Amino acid sequence: MEFEVLGPLAVSRSGVPVDLGPPKARALLAVLLGRPGRAVAGGVLTEALWGDEPPKSAAKNIQTYVHQLRRRLGDPGRIVHQNSGYLLRVGRDESDVTRFDDLVAAARAVHAGGEPVRASELFRDALALWRGEAYYGMVDIPIVAAEAARLAEVRLSVLAQRVDVDIRLGRHTELVGELTALAGEHPLREWIWAQLMLALYRCGRRADALKAYLRARDVLVEETGLEPGRELRDLHEAILVGAPFLDLPEPEAAGARTAGPPEPGSRGTAVPRMLPGDIGDFTGHEAELAGIDAVLRSDREPDRPAPVVAVSGEGGIGKTTVAVHAAHRLRKANPGGQLFAVLDGARSTAADPHEVLGRFLRALGMPDAAVPGNEDERAAAYRSLLADRRVLVVLDDVRDERQIERLLPGSGTCAVIVTSRRRLGGLAGAHRIDLGGLPEADGDTLLRRIVGSGRLAADPTELKRLLELCAGLPLALRIVGSQLVTRPHWKVADLVARLADARHRLDGLRHRDLGVRASFRLSYRALDPPARRLFRLLGLLDTPDFAVWTAAALLDGTPRTAQDLLDELVDVRLLSVTATSAARGVRYGFHDLVRIYARERAEAEEPEDARRAALVRAFGAVLALTEIVHRADEGGDHTIIRGDAPRWRPDLVAGTLPEVASPLAWLHVERLSLLAAVRQTAELRLDELCWEPALGGNQLYQVMCYFDDWRETHRCALAATEAAGNRRGRRRGGGRV
């Protein structure tokens, strides 16, 4: 039996194609082939086949597809039920993926043994197994798409190795055409441009090599808004001056050894260079970088734990950019190499540590055939290879501590940078960095580096407004910068006009595969349903920040339940703690762009009557607070002017208030929330819930001399009561100040 996925999915028996049946059965087999020999949970299969809307009969349907596949494959033992899932048994010689891996391992082994010509042949044999894109036509299934993307990256990595061997063998003339085509297919891969420039230079085509660099720069700037990385820039400068190291070394041209053999008893001695390219226009975060340097440049001893820096922050805040930039600064301090993996912790298809360990072992020089199949053995081999070596490990987008416990080195000579949307409190001894947005000055600098100072200098007022709309989020700044670069006819004012309406701002903050909304969506989907609902409802409020009782009122639940859900939202960085003190208690708030996303989700997922009811409860809690303050300060109910507005659970609101010297301090803490509530109730034509809180704030406004607030709340109350024909409210709460 032969299973082929390096192209369209195909199965054959003794050379005869096997009909795999209906599309769902093919999709099921594709998912199982992505994890051969390992059980795939039923829930994963259900999500792969039907997405978010599986039929009630999903489990039964999967059983039917498995039965059909067993019959069509002619072997009932091929697919077995195991651990509430299904496992596909595939022999090593039956899969084109494992044949590819074995050929690559053999190529690397003979190359390490000093046979570059044979290595090139084996690399070519491996790449010849590809019949097109992996899983062609099936990448609409997310888990299959993830595996296809992984294989595509592996293919390009092997291709890079083969090209490197060939160029060292002096085959630059025949490589020019291939590299030119590759640059067209993968214009953002800087290594392709670098090899093309080198091949052209060695062909005596120095001018063409320089033109290739200019084409590469144009593409990178147009597509990403970024300048080429340091290595490509350095190569360009070397070609300009005709640096001697660019010439083909004679021993390698003659086919001499290109790498020493492994040390006795060693199963891997390669120096991995897995870091993505550095960011040419990196801006800001100097304090954070200094903190990373201080921790990871310090003396490191084998018998101590490896130093770990954990960088956390909300989606789009620039965690990966900071980690990669810091890692490049630390390259010389880690001569043993750099390992890098994206763990996709915010996605449902998070990276499997078992697979990451395999990639790391291969990068460290272990032949594929020697990589253990058992995860415990892989972890042990990984720690052994890193022992006493100064290697930097960068683990990006980590879901939780458990996902990376086997990926942490056992030797203190290594160093680790971890990024996550969550605060990884379980990483013992880690130095933690909470990444915030860029200050306006740094945001201005970043935009000027992307777009150019001349174009932005024309209208400083509009530029300042654009920076405010991006709210310091680096992802948003990169998107607007890229939009201005790729649309030279746009003025800054044009972009500001497109982003001015908050209801459509996230639509405007999207450029090709970059999107602010998509980044927030990953964090949102990782939440449990109750936390999602609270997130949505909080987005309906206009208040700048809020206390736990506000969340409880929106949910119509207890403060304890609300507190747990707020903590979950803070943990995934969809909310932030804006204040915590004895006088103010704990208060929470949104990043401006996250608030817009929360309101989008509320309007899309919450019925209108449910949204309105939640807001009525929240405003009713504000009204309850004003009465609690008035009663505590005046000593009774006789002076409270009441209307018909509903109060929400005064007992629960009172039970969450911090201890203060004067009850009026409770209202002072909520001053801006009170103002926002009066404005919003006026807009929603909730006249009774508008005039009563406006009147309830009078004592605060008089004592603290907040005359502007007094005037604004009464203006809103007057407008709301007049529009509703509410004579009582106009007479009692809407009088002029």
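## Charges across the chain

For the charge count here, Lys and Arg are taken as positive and Asp and Glu as negative, with His and the chain ends left out. On that basis the protein chain carries 100 positive and 101 negative side chains, and the centres of the two sets lie 2 Å apart. Keep in mind that this is a predicted model.

## The overall picture

The protein chain has 35 helices and 15 strands. Its C-alpha trace spans about 100 × 65 × 55 Å along the principal axes. Of the 737 residues, 51% count as buried.

Side chains of opposite charge can pair when their charged atoms come close. With a cut-off of 4 Å between a side-chain nitrogen of Lys or Arg and a carboxyl oxygen of Asp or Glu, the count comes to 50 salt bridges. One of them joins Glu606 to Arg536, with the closest N and O atoms 2.8 Å apart. Glu606 sits in the loop between α27 (592–605) and α28 (608–634), while Arg536 belongs to helix α24 (residues 529–538), so this pair ties together parts that are 70 residues apart in sequence. How do the two partners score on burial? Glu606 has a relative accessibility of 8% and counts as buried; Arg536, at 9%, counts as buried too.

Glu670 and Arg587 form another salt bridge, at 2.7 Å from N to O. Here the link runs from the loop between α30 (664–669) and α31 (671–683), which holds Glu670, to strand β15 (residues 585–589), which holds Arg587, and the two are 83 residues apart. Both Glu670 and Arg587 are buried.

## A helix-to-helix pair and a network

Arg728 and Glu688 also make a salt bridge, with their closest N and O atoms 3.4 Å apart. Arg728 is in helix α35 (residues 727–733) and Glu688 in helix α32 (residues 688–696), so the pair ties together parts 40 residues apart in sequence. Is Arg728 buried or partly exposed? At 25% relative accessibility, Arg728 counts as partly exposed, whereas Glu688 is buried, with a relative accessible area of 14%.

Some salt bridges join up into a group. Arg124, Arg162, Asp166, Arg171, Glu174 and Glu178 are linked in a network of them.

Next up is strand β9, where six of the six residues are buried. In a regular strand the side chains alternate between the two faces of the sheet. In β9, Val391, Val393 and Leu395 point one way, Leu392, Val394 and Asp396 point the other way, and all are buried.

Which strands pair with β9? β8 pairs with β9 in the parallel sense over six bridges, and the bridge partner of Leu339 in β9 is Val393. β10 also runs parallel to β9, joined by four bridges; there, Leu392 stands opposite Ala415 of β10.

Helix α13 (residues 319–329) is mostly covered, with eight of its eleven residues buried. The buried set is Lys319, Val322, Ala323, Val324, His325, Ala326, Ala327 and His328.

What do these buried residues pack against? Their partners are α12 (286–296), β7 (308–312), β8 (337–342), β9 (391–396) and β10 (415–420). That ties α13 to the β8, β9 and β10 strands described above.

## The start of the chain

Three strands make up an open sheet in the order β1-β2-β3, with antiparallel pairing. β1 (2–4) and β3 (16–17) are the edge strands, each with a single partner, so one side of each has no neighbour in the sheet. β1 pairs with strand β2 (residues 10–13) in the antiparallel sense over three bridges, and Glu4 has Ala10 of β2 as its bridge partner.

Then comes helix α1 (residues 23–33), which has eight of its eleven residues buried and is therefore largely enclosed by the rest of the structure. Its buried residues are Ala25, Ala27, Leu28, Leu29, Ala30, Val31, Leu32 and Leu33.

Methods
Residues numbered from 1 in each chain as written. Predicted model: local features only at pLDDT ≥ 70, side-chain atom pairs only at ≥ 80, totals over all residues. Heavy atoms only, no water. Buried < 20%, exposed > 50% of the residue type's maximum accessible area, 1.4 Å probe, protein only. Contact = heavy atoms within 4.5 Å. Pairing = 2+ DSSP bridges. Charge placed at Lys NZ, Arg CZ, Asp CG, Glu CD.
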